[in-house]
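Student: I have a new model open and would like to get my bearings. Could you go through it with me?

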Amino acid sequence: MNQSVIKALGILDLFIDDKELSLQEIAEKSGIPKPTAYRLLSTLENCGMLYKVKENPHDSRYGLGLKLLELGNLVSERLELREIAVPYMEKLAEEINEVIHLVIAHQQKATYIEKVNSRRALSLHTKIGRSTPLYVGSGPKMLLAYLNEKEQNKVLHKPDLYTLTNQPIDRKALLVELKKIRKQRFSISVDEQDADTTGISFPIFNYENKVIAALAISGLSSRFKGEKLERMKQLGSKTAKEISRRLGYREG
């Protein structure tokens, strides 16, 4: 295990009981030599984990930084998201008898954080925690569509893009598709993650009117046609809106 990381995390733990601490206090409480403590504090400050207040030329005090608040809010939001979404996902799966996923964007990838299976003997065998590129699949593309242009360019920086089924992706066509997704508020993918499968996804908004997840319906392409597909669109859109409203989203 990385001892520097362990020591840095130990320093952060000191602030559970104290709002601010000096370098001397941190060194004494942690048992870390002052020069080592100073280096770790400087790293934590540069990362936004701590802030420093210079009281005089010979003393500084440290407190927890806003980066920790940001990370804490993300964890809280995602736990709340899963807790709220699962009952709606279960109801939708019961109505349409297809696999339902909850997908979020994380570190320029799409991560599947929740899943409700269908009652079918033959269905998709995806795993919670699976990560895929944001340009492959209906859920990931839904999330990509709501990123700003700079963030989209970071995701699409590779010279050649391919689906998970090794189909080439036309970058210009994808950018046109992303604009269409935002306008119509649903996305569809065919044979992008697995052969002979289709996905259709819908945006989930939070109280800040930001898209924080995609609600994805997935299954064999043979079942995603005609009236069945239209019913999936209607019920999927309705379910995503219900989850969004529970998260504080107000449309309009």
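Student: What should I keep in mind about where the model comes from?

Tutor: This is a predicted model, and the values I quote are computed from it.

Student: OK, how many helices and strands does the chain have?

Tutor: The secondary structure of the chain comes to 8 helices and 11 strands.

Student: And is the chain a compact globule or more spread out?

Tutor: The chain is more spread out than a compact globule, because its radius of gyration is 23 Å, well over the 18 Å that the globule rule gives for 252 residues. Taken along the principal axes, the box filled by the C-alpha atoms is roughly 75 × 40 × 40 Å.

Student: How much of the chain counts as buried?

Tutor: Of the 252 residues, 44% count as buried. The accessible surface of the chain comes to about 14,500 Å², and 52% of that belongs to carbon and sulfur atoms.

Student: Let's go inside. Which residues touch the most other members in the largest nonpolar core?

Tutor: That core has 27 residues, and the ones touching the most other members are L81, I100, L102, I204, L215, I217 and I243. The elements that give two or more residues to this core are the helices α4 (66-96) and α8 (226-246), together with the strands β4 (99-106), β5 (109-116), β10 (197-205) and β11 (211-220).

Student: Which element gives the most to this core?

Tutor: That is α4, with 7 residues.

Student: Can we zoom in on L215? What does L215 touch?

Tutor: Not counting residues up to four places away in sequence, L215 touches a list of residues including M89, L92, I100, I200, F202, I204, G236, A240 and I243. There is also a second, separate core of 23 residues, which includes V136, L147, L156 and Y249.

Student: Changing topic, how many aromatic pairs are there?

Tutor: The count comes to 2 aromatic pairs. In one of them, the rings of Y146 and F205 have their centres 5.8 Å apart and their planes at 85°, so the pair is edge-to-face. Y146 lies in the loop between α5 (138-145) and α6 (149-155) while F205 lies in strand β10, so this pair ties together parts that are 59 residues apart in sequence.

Student: Are those two buried or exposed?

Tutor: Both Y146 and F205 are buried.

Student: And how are the rings of F205 and Y249 arranged?

Tutor: Those rings are stacked, because their centres are 4.6 Å apart and their planes are at 15°. With F205 in strand β10 and Y249 in the segment after α8, the pair ties together parts that are 44 residues apart in sequence. Y249 is buried, as F205 is, and Y146, F205 and Y249 form one aromatic cluster.

Student: You keep mentioning α8. How does its span compare with what its 21 residues should give?

Tutor: The two agree, because at 1.5 Å a residue α8 should span 30 Å, and its end C-alpha atoms are 31 Å apart. Its buried residues are L229, M232, K233, L235, G236, T239, A240, I243 and S244. Just after α8, G248 takes a positive phi of about 100°.

Student: Which residues other than glycine have a positive phi?

Tutor: Among them is N97, in the loop between α4 and β4, where phi is near 60°. Another is N209, in the loop between β10 and β11, with phi near 65°.

Student: Are N97 and N209 buried or partly exposed?

Tutor: N97 counts as buried, because its relative accessibility is 14%, whereas N209 at 41% counts as partly exposed.

Conventions: Residues are numbered from 1 along each chain as its sequence is written. This is a predicted model: local features need pLDDT of at least 70, side-chain atom pairs count only at pLDDT 80 or more; totals for chains, interfaces and linings use all residues. Side-chain values use heavy atoms; hydrogens and water are left out. A nonpolar core is a set of buried Ala, Val, Leu, Ile, Met, Phe, Trp, Tyr and Cys residues joined through side-chain atoms within 4.5 Å. Buried means under 20% relative accessible area, exposed over 50%, partly exposed in between (1.4 Å probe, protein chains only). Helices (H or I, at least four residues) and strands (E, at least two) are DSSP runs, numbered from the N terminus. Contact means heavy atoms within 4.5 Å. Rings of Phe, Tyr and Trp (its six-membered ring) pair if their centres lie within 6.5 Å; planes under 30 degrees apart count as stacked, over 60 as edge-to-face and the rest as tilted. The expected span of a helix is 1.5 Å times one less than its number of residues. The radius of gyration is taken over C-alpha atoms; the globule rule is 2.2 Å times the number of residues to the power 0.38. Accessible areas come from the Shrake-Rupley method with a 1.4 Å probe; for residues, only the protein chains shown count as cover.
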